[in-house]
Amino acid sequence: SLAVIGFGVSCSRTGSSATDLEEIKALQDEGLHKDAIEELRQILASRPDDGEASLRLGASLVALGRLGEAVFPLRAATRSEEHAFEARLMLANTLALTDNHASAMIELNKLALEAPDNQVILILRANSALAVNDLAAALDSADQILALEPEEPQRLTALSLKARAWAKKEETRDQAEQTYRELEAANWGDDGASAARMCIAIARMFAEEHEDAKRASAEALRCAEDYATTPLISVAVARVLDKVDLRQEGTDLLRRAIESEPENAQLKAELANRLVAEGGFAEAEQLVLSEAEANPSAASWRTVATMRRRMGALEPSLEAIDKGLALAEAIEGNELAKAAQIEDLNAARSDVLIDLGRLDEAEPIVQTLDSELLRDALNARILQGRGETQEALDLYESVLERWPNNYAVRHYAARAAYALGQDERALSE
């Protein structure tokens with residue numbers, strides 16, 4: 001996965017605007033991003049072309065995990081000559097993190113021309129190119145990295161990118177397999193998980209590209225045995241087994257892993273999600289509930305709430321959300337994490353109240369949310385619930401312009417369009 005790229009922005013101007021931004025920089029340095037966002041929105045209301053303010057707004061939104069909202073100010077910042085490079089890099093990374101790789105490639109192609117020796121840009125470009133199946137661009141970026149004679153971890157990463165591209169073409173799959181096996185045996189230094197990832201890549205290649213169930217399952221089970229101590233290896237193996245219609249074997253593997261690591265919440269969540277897909281709701285709920293009761297946290301009760309909502313148990317879902325909110329409110333020493341969890345749980349509470357038709361209860365909670373995108377998406381649901389379907393659809397479309405990969409919003413937009421008799425619009429979603 002791609003990490004969020006951080007950077008520092010220096011204030012290079014004088015006068016009141018420099019003072020404003022120096023104060024905002026201090027807020028950001030202290031992690032007070034909510035306060036910084038409020039100040040930056042005020043600045044941009046009077047100075048909409050301020051590139052640094054747009055860049056800093058995007059950075060604070062990214063820091064809070066509000067990636068969809070960050071895209072607009074980051075795009076605006078790319079129009080500032082002084083801040084274009086930093087803004088484009090953060091924009092590209094943000095787009096990639098939201099799986100909007102086609103748009104990310106547009107920015108990364110520009111960045112690669114401007115900074116052909118920047119390995120971060122080349123790695124980002126190769127990953128996004130693979131996501132959109134642009135194998136030539138992926139191989140080109142990997143070769144550019146290798147031409148720079150990088151240190152060993154970066155060299156191995158570049159080779160793994162080449163192997164991923166080769167695996168997608170029948171004539172180069174043998175070359176991909178050979179490279180993956182060499183990489184599995186390579187010295188990755190302190191990165192103990194990379195060899196396991198190369199092992200899984202071989203198994204996945206046989207499952208997805210060769211469609212060879214026997215070889216894929218054999219390789220996957222070898223990974224489970226050879227890398228038994230690698231965290232979450234059983235999850236990766238189970239997902240490969242799913243691809244070759246060996247889902248029960250994957251489920252059994254996860255059960256054995258939980259027996260060995262009974263405190264591992266991620267393993268329990270993975271098994272619970274599989275059980276729900278198979279109709280095993282009661283066991284799935286018991287798994288996540290036992291974890292929340294044994295290790296109570298805002299996150300563990302949020303998982304229970306999500307599971308119960310998937311089961312259609314809406315009132316019990318609200319009870320779990322309330323327990324999570326109480327724990328989130330009690331968080332000390334990390335205001336950023338506290339605010340993010342409270343926001344997430346309040347959004348979840350609003351969603352469930354809307355499901356229950358309790359729109360008047362949901363509405364005031366929605367208005368407390370910091371995220372404009374979340375507010376708009378949930379307000380659209382409220383409008384839809386009140387029968388104001390065209391207004392809801394207009395608001396959904398506004399959200400999707402800024403948050404194109406939100407499939408839940410697309411689902412509700414499709415329902416609104418269908419209710420209005422706009423069948424083609426509904427099908428497009």
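The following legends describe close-up views of a predicted model.

**View 1. Packing of helix H21 against helix H22.** Helix H21 spans residues 372-385 and helix H22 spans residues 389-402; their axes come within 8 Å and cross at roughly 160 degrees. Because angles over 145 degrees count as roughly antiparallel, this crossing makes H21 roughly antiparallel to H22. The crossing of H21 past H22 is left-handed. On the H21 side, the contact involves Glu-372, Leu-373, Asp-376, Ala-377, Asn-379, Ala-380, Arg-381, Leu-383 and Gln-384. These residues meet Glu-391, Ala-392, Leu-395, Tyr-396, Val-399 and Arg-402 of H22. Sorted by class, the contact of H21 with H22 comprises eight nonpolar, two polar and five charged residues.

**View 2. Packing of helix H7 against helix H8.** Helix H7 (residues 119-131) packs on helix H8 (residues 135-147) at an angle of about 155 degrees, and the two axes are 8 Å apart. H7 and H8 are therefore roughly antiparallel to each other. The crossing of H7 past H8 is left-handed. From H7, the contact draws on Gln-119, Leu-122, Ile-123, Arg-125, Ala-126, Ala-129 and Leu-130. From H8, the contact draws on Leu-135, Ala-137, Ala-138, Asp-140, Ser-141, Gln-144 and Ile-145. The contact of H7 with H8 contains nine nonpolar, three polar and two charged residues.

View 3. The phi angle of Asn-133 is near 65 degrees, a positive value in a residue other than glycine.

**View 4. Leu-232 in the loop between helix H12 and helix H13.** Leu-232 lies in the loop that runs between helix H12 (213-226) and helix H13 (233-243). Although Leu-232 is not a glycine, its phi is positive, at about 65 degrees.

**View 5. The second largest pocket and its lining.** The second largest pocket holds about 830 Å³ of space. It is lined by 37 residues, of which Asp-344, Ala-347, Leu-374, Trp-403 and Asn-406 are the closest to its centre. Two or more lining residues are given by each of helix H4 (67-77), helix H17 (298-311), helix H18 (314-329), helix H19 (335-355), H21 and helix H23 (407-419). H19 supplies the largest share of this lining, with nine residues. By class, the lining of the second largest pocket has 19 nonpolar, seven polar and eleven charged residues.

Conventions: Residues are numbered from 1 along each chain as its sequence is written. This is a predicted model: local features need pLDDT of at least 70, side-chain atom pairs count only at pLDDT 80 or more; totals for chains, interfaces and linings use all residues. Side-chain values use heavy atoms; hydrogens and water are left out. Axes are lines fitted to C-alpha atoms, for helices over the stretch in contact, and angles run from 0 to 180 degrees between N-to-C directions. Helices (H or I, at least four residues) and strands (E, at least two) are DSSP runs, numbered from the N terminus. Angles under 35 degrees count as roughly parallel, over 145 as roughly antiparallel, 65 to 115 as roughly perpendicular and the rest as oblique. A crossing is left-handed if the near helix is turned anticlockwise from the far one by less than a right angle, and right-handed if clockwise. Contact means heavy atoms within 4.5 Å. Ala, Val, Leu, Ile, Met, Phe, Trp, Tyr, Cys and Pro count as nonpolar, Asp, Glu, Lys and Arg as charged, and the others, Gly among them, as polar. On a 1 Å grid over the protein atoms alone, a cavity is a set of points where a 1.4 Å probe fits but cannot get out, and a pocket is an open set with protein on both sides within 12 Å along at least five of seven lines; lining residues have an atom within 4 Å of a point. Grid points are joined across faces, edges and corners, and a volume is the space filled by probe spheres set on the points.
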